[in-house]
Amino acid sequence: MKINLAICDDSPADTKYLTDLAAAWAAEKGHILTAVSFPSAESFLFRHDGDRSFDILLLDIEMGNMNGIDLAQNIRQTDSELKLVFITGYPEFIARGYDVSALHYLIKPATREKLFPVLDRAVAALGRPARFLPIRTEGGNFRLDLSGIAYAEAFSHSIHISAAEGEFEVSKPLSELEAELGPGFVRCHRSYLVGLDHIARLSKTEVYLDSGKVIPLSRSCAATVHRAFVDHYRKGE
């Protein structure tokens, strides 16, 4: 597949690192990659105003006069299709990106083990309409992009949802959330649902996510999860 990738980062060293990493990913996956770098949010915005050919944007948050969140908000006013991946050295800024439908957030340095699965998800999402989950929490109402939901963990009276937009607590049965999430999610344990897009690898007893999080895989769910994982990625080939 031909992929047009933009990298917006004011650090030349980080830009070169990401460019080389993306090239290695494309070579491994058999994609034809065109990567263009931008040293500021303003320079990307100027290009984007007249050129909507980019498929994926790897975006730093902390930059000069215009930061990455402000750029993403500007982009989303006219472009809902560009796949945004924030890459930042400051995790405290991630919470500011709730409303820009980012595909994922990565903390620098973005290793191949973390970046490659995210780029795979971005490619799988190209041309596919976004699906959202409306939730109600004590902090207000939110709309979560389903592609960014990594997992959900049930507790006695609530469910913790880990998503690209942040961490959320909702009050409902896990079975109800499972029905709302639909295809793309699988029960890996009586207390856990996991997004297939976010599984990096599986063992007999654990699920390893692209974030580095490890969650349990019960014996009763193992066969179903392994089969769903294989089927999910075969569809993207």
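**View 1. Asp 55 in the loop between α2 (41-50) and β3 (56-59).** The model is predicted: local features need pLDDT of at least 70 and side-chain atom pairs count only at pLDDT 80 or more, while totals for chains, interfaces and linings use all residues. Residues are numbered from 1 along each chain as its sequence is written, and side-chain values use heavy atoms, with hydrogens and water left out. Helices (H or I, at least four residues) and strands (E, at least two) are DSSP runs, numbered from the N terminus. Asp 55 is buried but has no salt bridge; Lys 83, the nearest side chain of opposite charge, is 9.0 Å away. Buried means under 20% relative accessible area, exposed over 50%, and partly exposed in between (1.4 Å probe, protein chains only). A salt bridge requires a side-chain nitrogen of Lys or Arg within 4 Å of a carboxyl oxygen of Asp or Glu. For charge, Lys and Arg count as positive and Asp and Glu as negative; His and the chain ends are not counted. Leaving aside residues up to four places away in sequence, Asp 55 touches Lys 2, Ile 3, Asn 4, Leu 82, Lys 83 and Leu 126 (contact: heavy atoms within 4.5 Å).

**View 2. Ser 53, also in the loop between α2 and β3.** Ser 53 counts as partly exposed because its relative accessibility is 33%. Its side chain makes a polar contact with the side chain of Asp 51 (2.6 Å). Such a contact is a pair of N or O atoms within 3.5 Å; within protein, one must be able to donate a hydrogen and the other to accept it, and residues adjacent in sequence count only if both atoms are side-chain atoms.

**View 3. Strand β9 (residues 159-163), with both faces covered.** Ile 159, Ile 161 and Ala 163 on one side, and His 160 and Ser 162 on the other, are all buried. Since 5 of the 5 residues are buried, β9 is largely enclosed by the rest of the structure. Strands pair if DSSP finds at least two bridges between them. β9 pairs in the antiparallel sense with β8 (residues 149-154) over 5 bridges, and His 160 is the bridge partner of Glu 153. The β8-β9 hairpin has 4 residues between its strands. β9 also pairs in the antiparallel sense with β10 (residues 166-170) over 5 bridges, where Ile 161 stands opposite Phe 168. The β9-β10 hairpin has 2 residues between its strands.

**View 4. The open antiparallel sheet β13-β14-β15.** β13 (199-202) and β15 (214-216) each have a single partner strand, so one side of each is left without a neighbour in the sheet. Antiparallel β13 and β14 (residues 206-209) are joined by 3 bridges, with Ile 199 opposite Leu 209.
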